[in-house]
Amino acid sequence: DFLCISLVNGFTQLRYNLGDKTIILQTLQKVHANGNTWHSLNAGRVGNEGYLDLDGINITQKASPGMNALDTHTDFFVGGVSSLNLVNPMAIENEPTGFTGCIREIVLNNRELKLTVTDPKGGANIGDCDGTVCGYTVCKNNGTCQVENSGFSCSCPKEWTGMMCEQSIHCSQNMCGSEALCIPQPSSFSYTCICALGWSGTYCKNKIKFYTAKFVGNSYIKYTDPYYGKRDLQYSRLSLNFTTNQTEGLIAWMGKSEDEDNDFLAIGLANGTLKVVINLGERISVPLMYSKYFTCSDERWHVVTVVQNQTCIKVHLDEELILFEDIDPQRKYTALNYGGICYFGGFEIGRKVNIVTTGLFQKEFIGKIKDVVLFQDSKKIQLMKAEGYNVYDGNS
């Protein structure tokens, strides 16, 4: 399998093979080879349906029956490869040769790659394209960069300040505690403080402890499972207690959530009833809904347990077995490779639940969670020891 973007006789070409046939897309227009025109390229695939967009002119290849997952267990190369004989002969039209030119702002599966000296895994024969200290986005928030004798300076739009226009003027004199985030509120010419776990108050200066976590809407906890390396991922289990008066919300997400191919097990509410979704591979996410008329939005405590035994999923709600389904009798994927990451209540600040979950859940959780147990562990996980913001003591 491969996915390759190349220049061929002045045209941009995307080629990919998911295991059965090579699909080729080529742009209608040539690129400017004058050395001073930047082009914007957007290329990829959804299943086996490909798209290639150069400067807003789009070419697509409709999906056809066949393979729809890209199985590559190699490094991701930009501009060339460590050895040209690594390149599959079907991936390019002519003899393989390295790229000569400039590349900036690479976004892979919604994550920007840092094109610095230290961030990539390796490389060779790379220089600074701009030739000045004013790199591509050295001044943030539409600031303008000027080269000076001692380096550079940024002139910032009126809402921003700091060396690189990285700080809102509303947060420049903020009183938030050292563990807090300052969020500017331009409409009211002020700011709010978002407290890290274990802190509360307007300025996040009050130390707190909790065993019941209270989520207020833009809250989240990210827990890293210290025993992940020893887990048997074919037999996963997640159990917790929750209470809420909301009809929508993401309660828990076991999985890295970095891109759509990551495995996950998710628990949440949709229309007031319990919704469990599991993906063991190839984005085959199977939503399981509890269809009987029963609302979980009644401000009572409910205990939910989800057990994955290879492809068999059991869901218990308040000690009653409500769902029991084999999501893939073919047993193609049987392990939950969740990367040791569990989210509760939502995702990091700025990552909207409906976008990260591709519409499976509509919003962040508002309510309380306690007694979270992973697998068959004898102890509940200590939510206080995790990473997160805007989570408060649910007992007070």
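**Exercise 1. What is the torsion about the S-S bond of C134 and C145, and is the disulfide left-handed or right-handed?**

Some ground rules come first. This is a predicted model, where local features need pLDDT of at least 70, side-chain atom pairs count only at pLDDT 80 or more, and totals for chains, interfaces and linings use all residues. Residues are numbered from 1 along each chain as its sequence is written, and side-chain values use heavy atoms, without hydrogens or water.

*Solution.* 
- Step 1: find the bond. A disulfide here is a pair of cysteine sulfur atoms within 2.5 Å. The sulfur atoms of C134 and C145 are 1.9 Å apart.
- Step 2: read the torsion. It is about -80 degrees, so the disulfide is left-handed.
- Step 3: C134 sits in the loop between strand 8 (111-113) and strand 9 (144-148), and C145 in strand 9, 11 residues apart. Strands are DSSP runs (E, at least two residues), numbered from the N terminus.
- Step 4: check accessibility. Buried means under 20% relative accessible area, exposed over 50%, partly exposed in between (1.4 Å probe, protein chains only). C134 counts as buried because its value is 11%. C145, at 24%, counts as partly exposed.

**Exercise 2. Work through the disulfide that joins C171 to C182.**

*Solution.* 
- Step 1: the S to S distance is 1.8 Å.
- Step 2: with -85 degrees about the S-S bond, this link is left-handed.
- Step 3: C171 lies in the loop between strand 12 (167-168) and strand 13, while C182 is in strand 13.
- Step 4: C171 is buried at 5%. C182 is partly exposed at 22%.
- Step 5: C4 is in no disulfide, and the nearest cysteine sulfur, that of C102, is 20 Å away.

**Exercise 3. Describe how strand 13 and strand 14 pair.**

*Solution.* 
- Step 1: two strands pair if DSSP finds at least two bridges between them. Strand 13 (residues 181-185) and strand 14 (residues 190-194) have 5 bridges, in the antiparallel sense.
- Step 2: P184 stands opposite Y191 in strand 14.
- Step 3: the two strands form a hairpin with 4 residues between them. In the turn, F189 has a positive phi of about 50 degrees.

**Exercise 4. Which residues have the most contacts inside the largest nonpolar core?**

*Solution.* 
- Step 1: a nonpolar core is a set of buried Ala, Val, Leu, Ile, Met, Phe, Trp, Tyr and Cys residues joined through side-chain atoms within 4.5 Å.
- Step 2: the largest has 47 residues, and F242, L274 and F344 have the most contacts inside it.
- Step 3: strand 17 (residues 213-224) gives the largest share, 4 residues.
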